[in-house]
Amino acid sequence: MGKITRRLMIFGGVAAAGGGLAIGYGLLPYETIDRARKIAGRDGETMLAAWVRIAKDNTITVIVPHSEMGQGVHTSLPMMLAEELDADWNLVRMEQAPADMAFANMGLARGYLRGDTSIPSWLSGAADFGFRKIAEFMNLQITGGSTAIRFTGVDGMRRVGAVARAMLVKAAAAKWGVAESEVDAASSQLSHKASGRTMSFGDIASDAALVSVAADLPLKKKADYKIVGTPIRRFDIPAKVNGSAKYGLDVRLPDLSFAVIASSPVFGGKLKSVDEKPALAMRGVKKVVRLDDAFAVVADNTWRAKEAVAALAPVWDDGPGAAMSSESIYAQLNQALDKGGLTDDHAFGDVDAALKSAGGKIVEASYRVPYLAHATMEVMNCTAHFENGKLSVWGGFQDGLGSKAVAAQAASLPMDAVTLNHTAMGGGFGRRGYTLDYLVKAIGIARQVEGPVQVVWTREEDMTQDYYRHASIARMKACLDEKGNVKAWLHTFTDKYDPPEAVFINYDVPNRAARYAAKVNPIPWGPWRSVDHTQQGFFIETFMDELAHASGKDPYEFRRAHLTNAPRHKAVLELAASMAGWGQALPAGQARGISMREAFGTIVAHVAQISITPDGFPKVLRVWTAVDPGEVINPATFTAQIQGGAIYGLTAALYGNITIEKGRVVQKNFPDYDMVRMADAPVHEVRFIESGARTGGAGEPGTAPIAAAVGNAIFALTGKRIRDLPFRATPLNVT
Amino acid sequence: MITMKINGQTHEVDVEEGIPLLWVVRDVLNFTGTKYGCGVGACGACTVHVDGEPVRSCSFPAVLAQGKEIVTIEGLQENGVLHKVQQAWIDAQAPQCGYCQSGQIMAAVALLKVKPQPTDEEIDAAMTNICRCGAYTQIRAAIHAAAKA
């Protein structure tokens with residue numbers, strides 16, 4: 001990845017439409033700010049960077065370049081800006097940035113430059129599209145990888161807020177003829193104590209445009225926070241309790257048609273033919289549209305389109321994919337590991353020598369996790385409309401700009417001829433990031449339809465046409481020394497995706513290495529909540545538990561003894577254990593497991609307490625979670641993210657299993673791809689440690705280690721080590 | 001022609017007999033607050049009330065709702081005032097992506113009608129709607145709070 005040649009800059013003193021203050025921030029050429037102002041500026045308002053506007057009535061609108069998926073980012077990011085600005089939170093509004101270059105996610109690029117993150121590999125996949133080549137930095141509006149707070153917030157929102165505040169203060173000081181140091185800012189008001197004068201931010205915003213301040217201002221200390229760290233209510237919630245929030249499926253336009261799509265049930269298959277007559281004879285049906293690997297029926301409502309699809313008998317060319325089954329795929333993964341010639345991931349010390357050295361105890365285990373569907377509550381869908389050589393699309397997209405670039409490519413139109421309209425998103429979890437088949441197919445259908453068309457995946461299509469969390473097999477081998485400490489750790493596995501550090505361990509092990517077989521999975525796969533951590537968290541933390549038992553030590557104490565060089569991790573582990581009362585006697589038939597993981601800059605430790613149901617399945621009764629994300633922006637949304645992330649991981653641990661037969665996904669809907677529901681949801685207590693380390697993510701860390709905590713509890717209770725997920729595939733004997 | 005009374009208003013809709021209530025509500029009458037989730041009555045995202053009973057509208061023929069009072073999420077508030085369950089949902093900050101929440105709220109309102117002070121076990125039994133974001137802790141808290149309101 002080449003270096004960014006544009007320097008980081010703060011733009012000051014640019015007059016906005018209608019007069020006023022505009023500052024910009026980021027890795028942007030100067031002309032981009034004008035463009036941002038043109039798009040997001042409003043008459044009578046002052047444009048403060050790409051990310052904030054101050055109106056004359058003193059309202060502040062923060063423009064957020066990320067998508068809201070329920071993680072609260074449309075509220076948390078404005079909180080960070082408003083904090084540094086010393087704004088009155090009641091005057092703060094939020095708007096999602098349009099999918100335009102001017103609102104590219106500079107924070108993510110900054111995070112990359114600083115070495116905190118790499119551009120996720122699942123993004124560079126999208127860069128195959130011509131437009132994406134140059135967009136690797138500049139076009140990023142991606143919401144994923146738990147990046148919003150970590151990069152946009154810390155590098156963008158905070159800094160813009162601080163600069164805006166300084167400009168307002170400087171302008172006020174000049175107007176009053178006093179020293180800047182005598183001007184205070186609080187709750188969107190400026191004041192001069194000695195003379196008792198006050199004015200609002202809105203009053204002075206236009207003057208502030210004419211001053212310049214240093215870009216590199218000190219940011220507030222935690223002790224001075226008034227907004228950050230409080231459970232501010234989310235902007236998006238009121239519309240989500242009265243039915244007024246509009247999701248992709250809720251787009252209603254004049255003359256809107258509804259299309260239901262059916263794609264080749266076999267991966268890689270093509271449409272040979274489909275006799276459209278039975279559909280066309282049905283009420284409300286307008287058209288049957290064919291794509292290379294799919295067809296769709298267009299009708300005047302979704303149900304009629306769905307019924308007509310079911311009435312047709314398409315002929316598919318299955319291709320070689322039809323030979324695949326779960327068994328053949330698992331055999332393929334095992335063969336890849338048997339074959340050797342693995343790719344080196346990382347290595348410390350000399351693991352091969354240490355494994356062969358005398359005086360140690362060797363422990364080996366193999367683990368397996370299946371494919372998983374995202375199963376967002378809102379099925380895949382996209383509304384598209386070609387009109388007068390232009391394309392408009394509506395839907396939920398985790399990366400507005402990237403999606404727009406893909407849309408332009410799919411429609412063979414320049415970017416400027418495409419308008420992308422963000423709707424609310426009924427779940428993302430990685431599915432609505434760069435795996436944009438739903439956008440590309442909707443465009444392919446819309447170009448054959450008069451007027452706007454809403455293309456809908458039924459739940460069955462959604463589940464069988466996903467980009468799955470990939471299946472993986474891991475083989476772990478370790479050597480315990482005479483004292484029962486791990487002296488060598490070799491981790492081999494199939495298919496690495498993202499983030500690169502997902503396979504790291506934070507335990508003190510002098511000789512360790514990870515190696516993997518690349519590109520083994522044969523079906524479409526993509527990012528899934530917490531990405532590689534979902535698998536690695538299970539492999540690593542289950543194996544660590546096995547090592548603890550092999551050395552005859554308590555799993556908590558064993559982990560703790562291996563964290564002498566990782567004080568933050570140790571503190572998190574200790575807090576989780578103390579919350580749970582680790583070691584206390586439990587009711588008969590119950591046991592606990594512990595696990596920990598660092599994911600996306602946040603350290604999480606779970607303790608899970610379980611029992612076994614009369615039909616032989618684990619039931620998770622309680623979970624205690626300690627988390628160190630460095631700093632918590634909004635404790636309410638952060639807690640909800642950790643809890644929700646754990647539920648997502650618990651569904652995978654207990655139920656999640658996409659299987660393949662004859663090249664087709666077997667599971668079609670919730671009855672055969674079940675989920676954790678209320679009755680399955682444990683009582684879950686979450687506590688934070690705010691260590692002050694660089695801010696970590698919220699949406700994904702809770703998912704990563706939960707399966708291991710549950711599996712370790714199953715072992716503690718039954719003595720049975722389940723090494724293949726999901727747990728419910730292995731009924732337990734109840735004694 | 002079917003006559004449907006939804007949220008206190010009567011609509012004549014020209015639809016075939018087999019159409020599920022969900023699609024009349026969403027695509028014909030454009031009350032889009034009621035969601036499609038699975039189409040087989042398994043997830044509860046489409047829950048509405050028919051004569052006060054919670055019904056999974058994706059699997060409920062519209063004709064069976066003729067002459068009955070249908071209430072959707074849009075019809076829950078009265079005179080612009082949120083139902084206490086909706087208010088409790090805001091207070092608990094329950095929704096994440098929000099897509100399942102119309103159905104969750106309709107199910108909770110129906111539960112509180114028959115069990116004004118539900119126990120956790122009664123909540124477990126009645127609230128079988130799927131929330132993929134995993135907001136169950138907040139949903140449970142909101143139901144208990146609404147019961148006290």
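Two packed helices are described by the angle between their axes and the distance between the axes. In chain A, helix 14 (residues 400-411) and helix 15 (residues 437-446) pack at an angle of about 35°, and their axes lie 9 Å apart. Axes here are lines fitted to C-alpha atoms, for helices over the stretch in contact, with angles running from 0 to 180 degrees between N-to-C directions. Helices (H or I, at least four residues) and strands (E, at least two) are DSSP runs numbered from the N terminus.

The model is a predicted one, in which local features need pLDDT of at least 70 and side-chain atom pairs count only at pLDDT 80 or more, while totals for chains, interfaces and linings use all residues. Residues are numbered from 1 along each chain as its sequence is written, and chains are lettered from A and ligands numbered from 1 in the order in which they are written.

Helix 14 of chain A passes helix 15 of chain A in a right-handed crossing; a crossing is right-handed if the near helix is turned clockwise from the far one by less than a right angle, and left-handed if anticlockwise. On helix 14 of chain A the contact is made by A:S403, A:V406, A:A407, A:A410 and A:A411, and on helix 15 of chain A by A:L439, A:V440 and A:I443. Two residues are in contact if their C-beta atoms, placed from the backbone, lie within 7 Å. By class, this contact of helix 14 with helix 15 has seven nonpolar residues, one polar and no charged. Ala, Val, Leu, Ile, Met, Phe, Trp, Tyr, Cys and Pro count as nonpolar, Asp, Glu, Lys and Arg as charged, and the others, Gly among them, as polar.

A:A407 also belongs to the largest nonpolar core, where A:A259, A:A296, A:V297, A:A407 and A:V710 touch the most other members out of 261 residues. Such a core is a set of buried Ala, Val, Leu, Ile, Met, Phe, Trp, Tyr and Cys residues joined through C-beta atoms within 7 Å. Helix 7 (residues 148-176) of chain A gives the most to this core, with 11 residues. Buried residues make up 57% of its 735 residues; a residue is buried if 20 or more other C-beta atoms lie within 10 Å of its own, exposed if 12 or fewer, and partly exposed in between, with C-beta atoms placed from the backbone. Of the contacts in chain A with a separation of 6 or more, 76% are between residues 24 or more positions apart.

Some backbone details follow. Most residues other than glycine have a negative phi, and most peptide bonds are trans. A:S412, in the loop between helix 14 and strand 19 (418-422) of chain A, has a positive phi near 55°. A:S412 is exposed, with 10 other C-beta atoms within 10 Å. A:D495 lies in the loop between strand 22 and strand 23 of chain A and has a positive phi of about 60°. A:D495 counts as partly exposed, because it has 19 C-beta neighbours inside 10 Å. A cis peptide bond joins A:D498 and A:P499, with omega about -10°. Another cis peptide bond joins A:L725 and A:P726, with omega about 0°, and A:P726 sits in the segment after helix 21 (706-718) of chain A.

Chain B meets chain A through 48 residues of chain B in contact with 47 residues of chain A.
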